[in-house]
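Please find below a colleague's note on the model under review.

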Amino acid sequence: MAPHRPRTGLLSRLVRPLAAMLGGRGEAAAPAKKAVASPQSDTLVDDAFTLEMQSLLIEDEGKFQVKLQVISLVEFHEAVGDKWQKVRDKVMMIAEGVIHQHLGVGNTCGRQGDDFFVLLFRTFPAAEGRRRALQIAQELGTRLVGDQFIGLERPLALAVEVPLSTSIKADGSLDLDCLDDAVEQCRSLIPAAKTQEDVRPPISGATDDNGPKQVKPPTWKAVDETRSRKEGVDPDWQAMNGGKSLADIPLELIPSMPGDARLSLLWRPTWVAAGEAIGAYYALVQRVDRPEQPALEGCRAYARDGGETAQALDRFVIGAAVREMKAAEQAATGATIIVPLHWTSVGTSRRMGLMVPFADLPETARASRLVIELFGVPGDVHPTLLTETITALQSLCREVLLRVPLAFPHAALAAQCGGAMIGVDLGELPSDERTDDDGLLDGLGGLAQNAATAGRGAYVWGVRRRKVVIGVVQGGFAMMNGPGLMKELPRPAKVLPAPRSRFFGGGR
């Protein structure tokens with residue numbers, strides 16, 4: 001194997017962008033390591049990816065000349081040294097987001113070890129798969145260290161091509177030694193390729209036929225709650241037809257959010273049956289399109305088709321939730337944070353780009369206190385796609401909740417796809433399902449029964465009347481919130497005892 005070559009001057013070029021990312025000065029690079037070998041490497045390859053490789057070899061009887069594309073961040077790993085553990089989760093989220101942007105339908109990828117991905121482009125010619133791998137490596141380099149990626153002595157993201165037939169062992173698993181050799185050979189040839197214009201590196205992310213593609217690093221800037229307009233300039237407000245405010249019209253008629261809408265976030269205290277306490281706080285987004293209109297809250301802030309409105313709202317909610325969870329970590333409140341996210345934002349392969357801010361939280365905090373709720377799921381969603389989405393979200397949090405229609409709870413589907421609980425938001429009820437307290441409690445009882453049959457808990461948001469609050473607690477629901485329980489707060493608070501006796505006439 002080719003020896004590792006020292007990179008004098010590399011860290012001095014990276015110190016500024018890396019300092020911004022890591023929150024400190026760059027440190028000496030760690031000793032060279034193998035590009036792919038890792039104690040847990042074999043267990044980190046997705047089962048779906050392994051099966052895909054094996055099926056290719058079987059169906060083509062070894063004649064299919066497909067290439068395995070390797071994206072390695074070993075150079076970046078070594079450049080940041082001891083800081084790697086601090087930034088690893090964020091780096092890998094960024095990498096997954098970039099890869100899925102260029103992967104294409106019908107192709108697959110799998111993560112290998114701490115800093116390594118393997119890609120199969122089976123729906124493209126080999127040249128197109130090679131081009132996309134190069135594009136991924138180039139974009140990753142600029143996203144990780146900014147424009148200083150261009151012109152570095154060595155690229156920090158590498159793309160290497162290996163024949164699939166030579167990179168698979170007899171048992172169908174990846175041959176790590178083969179891939180390691182390919183990456184190391186690429187690393188050793190990079191300096192030589194710089195001095196010979198007619199020699200091209202064996203697929204390095206440093207160059208391309210049209211020159212390197214410059215990509216601005218992503219910025220995660222929440223919408224300013226108190227954004228002001230330029231002095232003396234009023235927006236061109238357009239009156240809505242029908243004379244109704246947005247708070248009165250049906251959900252399906254809520255328009256897309258204008259660019260100058262004001263956003264804010266409140267926190268709805270949530271009763272948790274397991275601890276008999278106000279043990280969770282639900283992120284409730286508020287959207288104001290015009291100064292004279294009431295705020296659109298929660299599900300009513302989202303246009304029915306989701307679209308760009310959902311992505312903008314979810315980005316704002318995630319940013320605010322991460323800030324509050326950081327503050328709560330310092331205050332040691334111990335409360336759970338529930339973050340609702342719309343299907344159109346997270347139901348595609350581009351979801352990881354949206355989720356990057358979660359990597360700023362300690363893994364222990366995400367695993368113990370963060371709950372993600374998935375809503376806006378289409379009624380005809382394919383179980384495989386729903387399972388894939390829930391699985392991806394589960395890697396970031398403690399559990400994933402699935403909001404369902406009251407009339408069609410889909411409890412069995414939720415259980416099949418990995419949802420921890422099913423529930424409803426009463427703000428989403430269509431007009432034909434709105435009824436008196438007794439009728440509503442009957443419908444909620446059916447939801448709880450369906451959830452129990454599927455081995456799942458049930459929850460309900462947005463309860464406004466005290467009778468329904470008491471009925472929900474007595475009905476065995478796992479969680480509940482709404483104005484009928486407790487008013488919203490400007491930020492999450494601590495866990496507050498709330499025993500069931502309070503809801504059975506034994507308390508206030």
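This is a predicted model: local features need pLDDT of at least 70, side-chain atom pairs count only at pLDDT 80 or more; totals for chains, interfaces and linings use all residues.

1. The largest nonpolar core has 104 residues, of which Phe-358 and Leu-444 touch the most other members. Helix 4 (residues 84-103) supplies the largest share of this core, 10 residues. Apart from it lies another core, of 17 residues, including Val-70, Phe-116, Leu-120 and Ile-168. As a general remark, nonpolar side chains in soluble globular proteins tend to be buried together.

2. Leaving aside residues up to four places away in sequence, Phe-358 is in contact with Ile-318, Val-322, Val-339, Arg-366, Leu-370, Ile-372 and Leu-396.

3. Arg-88 belongs to helix 4. Its relative accessible area is 18%, and because the cut-off for buried is under 20%, Arg-88 counts as buried. Beyond residues up to four places away in sequence, Arg-88 touches Arg-111 and Asp-114.

4. Strand 11 (residues 421-425) is largely enclosed by the rest of the structure, because five of its five residues are buried. Met-421, Gly-423 and Asp-425 point one way from strand 11, whereas Ile-422 and Val-424 point the other way.

5. Strand 11 pairs in the parallel sense with strand 10 (residues 399-403) over three bridges; Gly-423 is the bridge partner of Arg-403.

6. With strand 12 (residues 457-461), strand 11 pairs in the parallel sense over five bridges, and Asp-425 stands opposite Trp-461. Here the chain crosses from strand 11 to strand 12 through helix 13 (residues 437-453), and this β-α-β crossover is right-handed.

Notes: Residues are numbered from 1 along each chain as its sequence is written. Side-chain values use heavy atoms; hydrogens and water are left out. A nonpolar core is a set of buried Ala, Val, Leu, Ile, Met, Phe, Trp, Tyr and Cys residues joined through side-chain atoms within 4.5 Å. Buried means under 20% relative accessible area, exposed over 50%, partly exposed in between (1.4 Å probe, protein chains only). Helices (H or I, at least four residues) and strands (E, at least two) are DSSP runs, numbered from the N terminus. Contact means heavy atoms within 4.5 Å. Two strands pair if DSSP finds at least two bridges between them. A crossover is right-handed if, with the strands pointing away from the viewer, the path from the first strand over the helix to the second runs clockwise.
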